[in-house]
Amino acid sequence: MADQARAAKMADRIKVIIAKTLERGVKDPRLGFVTITDVRVTGDLQHASVFYTVYGSDEERADTAAALKSATGMIRSEVGKNITARLTPSIEFIADGIPENAALIESLLNEARSRDAESETLAKTAQYAGDEDPYVKPRPFVGDENDIADDEDDDDDAAFESGPRP
């Protein structure tokens, strides 16, 4: 079993080879504007999964998938000629979901922006349901009643401190 570093290097090399082959070698008219986004090679270097995206409609994506499937043998032979490995890995083309995921994320961000704007306009025109400040505040100091109670407490404390100690 090969190490992961070698598998990563081989995946990068296969990505470049396939991109050049698709650009120059495949003459299928069904092939659309293809971008190779990623290549993953198994640890034993026997299988390569090639992820791609296609710019265009669903029909163009389906035509491109059929063109890639029919050109897989020729692409695999080009990969075998240009890599230094004892065995040429089998190749599988997988349509990448990046554009759909990006569109979904963009729509969610737009929805969040519109909800933020809506809540901001509601906050500007909002009014309090009760008092503006619902928290209880201490009563203001009113006068003599409290002064007398405080003075009596001070006298008791002084008498206790000056008394005899056991």
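The structure is a predicted model, in which local features need pLDDT of at least 70 and side-chain atom pairs count only at pLDDT 80 or more, whereas totals for chains, interfaces and linings use all residues. Residues are numbered from 1 along each chain as its sequence is written, and side-chain values rest on heavy atoms, with hydrogens and water left out. Of the 166 residues of the protein, 23% count as buried, where buried denotes under 20% relative accessible area, exposed over 50%, and partly exposed the range in between (1.4 Å probe, protein chains only).

The protein has 5 helices and 3 strands, assigned as DSSP runs (H or I, at least four residues, for helices; E, at least two, for strands) and numbered from the N terminus. From the N terminus on, these elements follow the order α-β-β-α-α-β-α-α. Among contacts in the protein with a separation of 6 or more, 61% come from residues 24 or more positions apart, a contact being defined by heavy atoms within 4.5 Å.

In the largest nonpolar core, which comprises 26 residues, I14, I18, L22 and I75 touch the most other members; such a core is a set of buried Ala, Val, Leu, Ile, Met, Phe, Trp, Tyr and Cys residues joined through side-chain atoms within 4.5 Å. At least two residues of this core are supplied by each of α1, β1 (33–41), β2 (47–55), α2, α3 and β3, and α1 gives the most, with 7 residues. In soluble globular proteins, nonpolar side chains tend to be buried together. When neighbours within four places in sequence are left aside, L22 is in contact with L31, V34, I36, L68 and I75.

Helix α3 spans residues 72–82, and within this helix T72, I75 and V79 are buried. These residues lie on the same side of α3 because they cover an arc of only 65 degrees around the axis, the arc being that of the directions from the helix axis to the C-beta atoms. The cover over the buried residues of α3 includes α1 (4–24), α2 (58–70) and β3 (90–95), while the face turned away from the buried side of α3 carries the exposed residues G73 and K81. Residue T21, found in helix α1, is buried with a relative accessible area of 7%. Beyond its neighbours within four places in sequence, T21 is in contact with V26, M74, I75 and E78.
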